[in-house]
Amino acid sequence: MPVYTSFVVAAANEKRLLVGGDWIDTGDWLEVRSPYSGDVVGRVAKAGAEETRRAIDAAELAMQNPLPAHKRAEILVRVAAGLGRRHEEVARVISDEAGKPLKAARVEAARAMSTYTFAAVEARKLAGEMVPMDAAQAGEGKLAFTLRRPIGIVGAISPFNFPLNLVAHKIAPALAAGCAVVLKPASQTPMSALLLAELEEEAGLPPGWLNVLVGPAAEIGDVLVEDERVKLITFTGSSGVGWKLKERAPKKRVNLELGNATPVIVTADADVTAAATKVSQNAFAFAGQSCISVQRVYVERDVYDTFVQTLVPLVNALKVGDPADEETDVGPVIDEDARERIIEWIKKTSGEVLAGGDLDGELIRPTVIANPGRDDEVSCEEVFGPVCTVTAVDSVDEAIELANGTRYGLQAGIFTSSIETAFRARAGARLRWRHGQRGADVPLGPDAVRRSQGFGQYPRGAALRGPRDDRGPARRHRRPFVAPRDGRTPSRPCRRCDRGLALRRLDLRDRDRRGRDHPLHRVRRRDRPPGRLAVA
Ligand code: NAP
């Protein structure tokens, strides 16, 4: 098997895989086609289980020489700068392989730059915390603190719809936290990820810290799940695949960012024109292929007609066509299967099609469906296409009940001029927090309920909590238990960490009077990482 050590690829649209700092050609190629024209826009070397194991070996080796925070931050800053320098090229790669309208692809490229910039800031800020032991009487006179350490190798699996920024969302926080990454981008859109890998290498990322594999998902996924050296799997994609991965990896930390069928409520006191304008933008951007795409709109009956009469002309005015055209608002969906499924769901609905509902050539025209049946797919499943439903409701409570009527709960929004209504909707929405529905007056969240959308963490700082692990510094002091200096008779060591020396060194009591675990284990049970928790 020929191995190339340079990041220069044979042709601009032919990419090899990055494993342990080498760009490898496996002899087997995967074609990447434009969802718009069907033309081949690139070829990528195809990986399997063997390359995945090699990538994990390389990541393990890399992590044996940890990169200090300042170096990690500098590399991340240089990647951000590279994304800035090659912004237009990056946007075109996204647009070509994903069929994303160029103007939306430019936004994605800019967002990836921000992702790296924020990660660089976070890399320098990572720190543990003091534990307020004297919050309980038993903790008086005791001192404890945690250190944040890299959790280990991160296995990252990303979807097609944001082929650059969702890859950036995985790589940048992991590297900021000091973790090596084995990435499997979507097979339909691997070119952006490989371009990003080139930028990482140009930025000075040493070999093994980032490995990129493209190939049969189950084969690569199986190795990531089964190999115990991979400590965290971060997955963004469909609910079915995500939950199966989680089931199969009970001993790993698994972050899931899954699907949604975003509901939005428009109350009678809202600015209806503003609401209709925002819905026309956020339901159809990138042909509705975003996890936060507006899908279901519930409008109070008093303003329903006005809302619909404003929305439909705006939707009909959206320009459908070639993603490379600067004017295009709505391009293709990712492939023929998706197109057929969406058209079938539109045909099956009992609602009235007010706009679109059919094809313009190979493209689905932006579709508005009025009052669909509650059990229609367009009402309860994730369409992931240029379709939104509008339903008249008699009250905000009815809207909340309908909004909650799916297995999803990633996010929602409300257009209202009443803060009281906004809070009521918030209290009634079964969501977890993310970044809220961009279009709405008020994004709704947070909530502890975990539904089919998963429970990963995108918000900038929070994303880092995945790849880091809270550990006490006493990990280094693995010695037998020694009697405390105050002369008390030592009882058996702590059941959880089998240590006492570090506490004694700090002239602290090692355990409570009944000889149970270190108080920290009880105080911080909520935050306990998998495996042992050590105490200062
Ligand atoms: P997908 O079909 O689930 O694929 C996502 C990734 O998983 C791809 O890399 C895919 O590889 C891989 N994969 C598929 N089967 C696998 C298996 N058995 N083991 C391991 N990996 C496997 O999702 P998609 O169609 O690309 O993306 C659309 C979905 O992502 C939507 O549901 C959307 O809502 C969700 N999404 C969620 C968020 C969020 O933040 N919550 C953001 C964006 C997208 P292949 O491409 O090789 O099949």
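**Close-up views of a predicted model**

F384 lies in the loop between helix 12 and strand 21 (387-393), and the views below belong to a predicted model.

View A. The phi angle of F384 is near 55°, which is a positive value in a residue other than glycine. With a relative accessibility of 18%, F384 counts as buried, because the cut-off for that class is under 20%.

**View B. The aromatic pair formed by F160 and F384.** A search of the whole structure finds one aromatic pair. The ring centres of F160 and F384 are 5.9 Å apart and the ring planes stand at 85°, so the pair is edge-to-face. This pair links distant parts of the chain, since F160 sits in the loop between strand 10 (153-157) and helix 5 (165-176), whereas F384 sits in the loop between helix 12 and strand 21, 224 residues apart. F160 has a relative accessibility of 12% and therefore counts as buried.

**View C. N371 in the loop between strand 20 (367-370) and helix 12 (377-380).** N371 has a phi near 45°, a positive value in a residue other than glycine. At a relative accessibility of 38%, N371 counts as partly exposed.

**View D. The contact of helix 3 (residues 87-98) with helix 6 (residues 191-202).** The axes of these two helices come within 9 Å and cross at roughly 155°, which makes helix 3 roughly antiparallel to helix 6, because angles over 145 degrees fall in that class. On the side of helix 3 the contact is made by E89, V90, V93, I94 and E97, which meet M191, S192 and L195 in helix 6. Sorted by class, the residues in this contact are five nonpolar, one polar and two charged.

**View E. Strand 5 (residues 29-33) and its pairing with strand 6 (residues 40-45).** Strand 5 has a covered face, made up of L30 and V32, and an uncovered face, made up of W29, E31 and R33. Strand 5 and strand 6 pair in the antiparallel sense over five bridges, and L30, from the covered face of strand 5, stands opposite V44 in strand 6. The hairpin of these two strands has six residues between the strands, and in this hairpin G38 takes a positive phi near 80°.

Methods:
Residues are numbered from 1 along each chain as its sequence is written. This is a predicted model: local features need pLDDT of at least 70, side-chain atom pairs count only at pLDDT 80 or more; totals for chains, interfaces and linings use all residues. Side-chain values use heavy atoms; hydrogens and water are left out. Axes are lines fitted to C-alpha atoms, for helices over the stretch in contact, and angles run from 0 to 180 degrees between N-to-C directions. Helices (H or I, at least four residues) and strands (E, at least two) are DSSP runs, numbered from the N terminus. Angles under 35 degrees count as roughly parallel, over 145 as roughly antiparallel, 65 to 115 as roughly perpendicular and the rest as oblique. Contact means heavy atoms within 4.5 Å. Ala, Val, Leu, Ile, Met, Phe, Trp, Tyr, Cys and Pro count as nonpolar, Asp, Glu, Lys and Arg as charged, and the others, Gly among them, as polar. Buried means under 20% relative accessible area, exposed over 50%, partly exposed in between (1.4 Å probe, protein chains only). Two strands pair if DSSP finds at least two bridges between them. Rings of Phe, Tyr and Trp (its six-membered ring) pair if their centres lie within 6.5 Å; planes under 30 degrees apart count as stacked, over 60 as edge-to-face and the rest as tilted.
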